Amino acid sequence: ENFPIILSKSKQPQKHYGITSAISLAPPREIDHLYTKKLCDAMKPFGVFEDEEELNHRLLAVLGKLNNLVKEWIAEISELKNLPPSAISCVGGKIFTFGSYRLGVHTKGADIDALCVAPRHVERIDFFQSFFEKLKQHEEIKDLRAVEDAFVPVIKFKFDGIEIDLLFARLALQSIPDNLDLRGDSILKNLDIRCIRSLNGCRVTDEILYLVPNKENFRLTLRAIKLWAKRIYSNILGFLGGVSWAMLVARTCQLYPNAVAATLVHKFFLVFSKWEWPNPVLLKQPEDSNLNLPVWDPRVNPSDRYHLMPIITPAYPQQNSTYNVSTSTRTIMTEEFKHGLSVTDEILQGKAEWPKLFEPPNFFQKYKYVFIVFVQMYLTQPELIGLVESKIRVLVGNLERNEYITLAHVNPQSFPGSKENLNENEFVSMWFIGIIFKKVENAESVNIDLTFDIQSFTDTVYRQANNINMLKDGMKIEATHVKKKQLHQYLPPELVQKKKRVCCFALFCRLTRLFLVPFILSFFSSAEHSGAEPKLERWEFEADLAGQQPPGQLQRHRLRDALQLPEQQTPQTSVGHRRRVRLLFIRFVLFLQEVEIATVDANSLIIRKCDANLTNLLNVSFSSSVEFNCSFYPQICCHQYLRVALPQHIFTQVKVKSSHPRNYSRVKKYLIKSLLKY
């Protein structure tokens, strides 16, 4: 709802940003500045800030030299094309930057997106031939390659260790002055479509910076969002690219023009977790410059109506920067926005710190079924990776259309494959796609045939590679699906294994240690045995992990023999009492871990000899270490047993169900899970 905003002194309306009025004009509080400082401190370990020395190296040593190279080359081309000396001296030429470097949010070692702007007598073919040769002769330039057939043609190279993607645009001007402004729409007149596409990056970047209320707050907020968004950062795979994230942050800044970065990060998640897609995100009202260029307009273009998450560039010709977004990727991003909102809520309430926002999720623990795309190629074909990556969304689209699949989530990060059976000049790259299947009612199992979906994807990639003469003998592209438990065959253990979390029992013990120990003693003391001192012998109790408990009579005999009690003196405890004992025993073990009396190795938990203070406190002593031991006996009817060695006066019954407990940590997980049921 629009309303006038009056300033206290000048009585002039505040500048209006965006297509709607601001949600809030509240100035930042002191605590907001404090949270912003903490946010900066949390981002520093991730290398998101470039030091002054590296910044000067980029600006002077690299971009300065490249700009001079461009001017020299344009002068040489002008001379070859017989321009008069007076024209050659002022013909100009300039390097413009765009992307993260132009926005001021580049990280350490990041590449630079640049544009070479030349006057009208310099052809595109000159750029990809004579200028390419000039770059090849420069000693500081390495890894030089041209991609002339790309949607936006580019020359890629490393200049003094910094990667540069250089585009080319030829303007309808006699000369290129150093103070040239690319924001004006008139500069697009009489240009071919490839030059317009090349100019678009610079024009969009400059327009974004012009449309935000405070550039420094915008930059810091964008750094934080880009760091958080690494899990869903890939335009080519159907997520959002750098310019899309920049426009979302810019829109947040327009809605909260006076807020500082910490507040803006929180508002970013608030706004876009509740955004009603496919309503478009616009930084300004689209304008028609009467140049007859195609623009995003669902009223005119039927195909634009099917875009799921439109984020519209502010410079003419306006385009949707997120046309690759699919149903699955939009669902995933919306869930991540909601998660980010809950985390920032905790941070601003003082319940968490900023590093929690940047914790990477474990993709491989999230999905039970995973598709793997393998590509075997030669080291001399790095561009094939880009081709396969651009077609993975074809596979995701095929999977989404399957009636039994709810969601297909591709991990933006690729991984190197095994080097076994490969030549020195070959390597394998892998992409992983998590799958969620629909639950089918009244069906024990459903056979889902995905052969056609996979074959359609591989055929598309092979056909595209063949069309651009990239297909060679020995190159393989395969896709297969595996279960989560098979991922260790393809990935290092640290990616597949679950991260250890602080157990709720351990936290409980740490916070209530003084109250917990007396409570434990009420069940673990010798009071149950007529006040007698606890004996130092141990008894053993075996529970079948396959879920088939030994007979109850056998249990009672083992217990009676261990306690050396007559039949009638075997402790008879209620079900509720046994449940409490089960719970308290685990708390007791974890308590010993907390006070560093317990150690854990791969197979057992060893409780070391208690010191004098603890012995007195617990009113119990051990003549030797107590071992919480996991032992397996496959020869006994293929059953696997968990053996627990305890002080003899502790009476407990353990029931654990598991098909294949392979190590102690897994057994412990099922043990605790079983106890929690009570």
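Student: Hi! Is asparagine 292 buried or exposed?
Tutor: Asparagine 292 is exposed in this predicted model, with a relative accessible area of 75%. The cut-off for exposed is over 50%, so that value qualifies.

Student: Where is asparagine 292 found?
Tutor: Asparagine 292 sits in the loop between H9 and H10. Its phi is positive, about 60°, although asparagine 292 is not a glycine.

Student: And what about phi of asparagine 290?
Tutor: Phi of asparagine 290 is near 55°, again a positive value in a residue other than glycine. Asparagine 290 is found in the loop between H9 and H10, and it is exposed, with a relative accessible area of 62%.

Student: Which peptide bond is cis at proline 317?
Tutor: The one that runs from tyrosine 316 to proline 317 is cis, with omega near -5°. Proline 317 has its place in the loop between H9 and H10. Another cis peptide bond joins tryptophan 277 and proline 278, with omega about 10°. Proline 278 is found in the loop between H9 and H10 too.

Student: OK, on to H9 itself. How many residues does helix H9 have?
Tutor: Helix H9 covers residues 261-273, so to speak 13 residues. From its first C-alpha to its last, H9 reaches 18 Å, close to the 18 Å expected at 1.5 Å a residue.

Student: How many of those 13 residues are buried?
Tutor: In H9, 11 of the 13 residues are buried, which leaves the helix mostly covered. Among the buried ones are Ala261, Leu264, His266, Phe268, Phe269 and Phe272.

Student: What covers the buried residues of H9?
Tutor: The cover includes helix H1 (30-43), helix H7 (215-228), helix H8 (242-255) and helix H10 (327-348).

Student: I see lots of rings around there. How many aromatic pairs are in the count?
Tutor: The count comes to 25 aromatic pairs. Take phenylalanine 272 and phenylalanine 337: their ring centres are 6.4 Å apart and their planes are at 45°, so the pair is tilted.

Student: Which helices do phenylalanine 272 and phenylalanine 337 lie in?
Tutor: Phenylalanine 272 lies in helix H9 and phenylalanine 337 in helix H10, so this pair ties together parts that are 65 residues apart in sequence. Both phenylalanine 272 and phenylalanine 337 are buried.

Student: Which residues do ring pairs link into a cluster?
Tutor: The cluster is made of Trp228, Trp245, Phe268, Phe269, Phe272, Trp275, Trp277 and Phe337.

Student: And what kind of pair do phenylalanine 363 and phenylalanine 364 form?
Tutor: An edge-to-face one, 5.3 Å centre to centre with 85° between the planes. Phenylalanine 363 counts as buried at 11% relative accessibility, and phenylalanine 364 counts as buried at 3%.

Student: New topic: the sheet. What order do the five strands have?
Tutor: The order is E1-E2-E5-E4-E3, in an open sheet with mixed pairing. Strand E1 (94-98) and strand E3 (141-147) stand at the edges with a single partner strand each, so one side of each has no neighbour in the sheet. On average, neighbouring strands are turned by 25° against each other, direction ignored.

Student: In what sense do E2 and E5 pair, parallel or antiparallel?
Tutor: Strand E2 (residues 112-118) and strand E5 (residues 162-170) pair in the parallel sense, over seven bridges. In one of these strands, E5, arginine 170 is the bridge partner of alanine 118.

Student: Which helix packs on the sheet?
Tutor: Helix H2 (residues 52-80) does, touching E1, E2, strand E4 (154-159) and E5, and its direction makes about 135° with that of E1. Helix H5 (residues 124-136) lies across E2, E3, E4 and E5, running at about 165° to E3.

Student: Is aspartate 165 buried or exposed?
Tutor: Aspartate 165 is buried, with a relative accessible area of 18%. That residue lies in strand E5. Leaving aside neighbours within four places in sequence, its contacts include Asp111, Asp113, Ile155 and Lys156.

Student: Last one: how many residues has the largest nonpolar core?
Tutor: The largest nonpolar core has 101 residues, and Phe218, Trp245 and Ile433 have the most contacts inside it. Beyond residues up to four places away in sequence, phenylalanine 218 touches Leu103, Ile208, Leu209, Val212, Ala246, Val249, Ala250 and Cys253. A second, separate core of 29 residues includes Cys116, Phe132, Ile155 and Ile164.

Methods
Residues numbered from 1 in each chain as written. Predicted model: local features only at pLDDT ≥ 70, side-chain atom pairs only at ≥ 80, totals over all residues. Heavy atoms only, no water. Pairing = 2+ DSSP bridges. Helix = DSSP H or I, 4+ residues; strand = E, 2+ residues; numbered from the N terminus. Axes fitted to C-alpha atoms, helices over the stretch in contact; angles between N-to-C directions. Contact = heavy atoms within 4.5 Å. Core = buried A, V, L, I, M, F, W, Y, C linked by side-chain atoms within 4.5 Å. Buried < 20%, exposed > 50% of the residue type's maximum accessible area, 1.4 Å probe, protein only. Expected span 1.5 Å × (residues − 1). Phe/Tyr/Trp six-rings, centres within 6.5 Å; stacked < 30°, edge-to-face > 60°.
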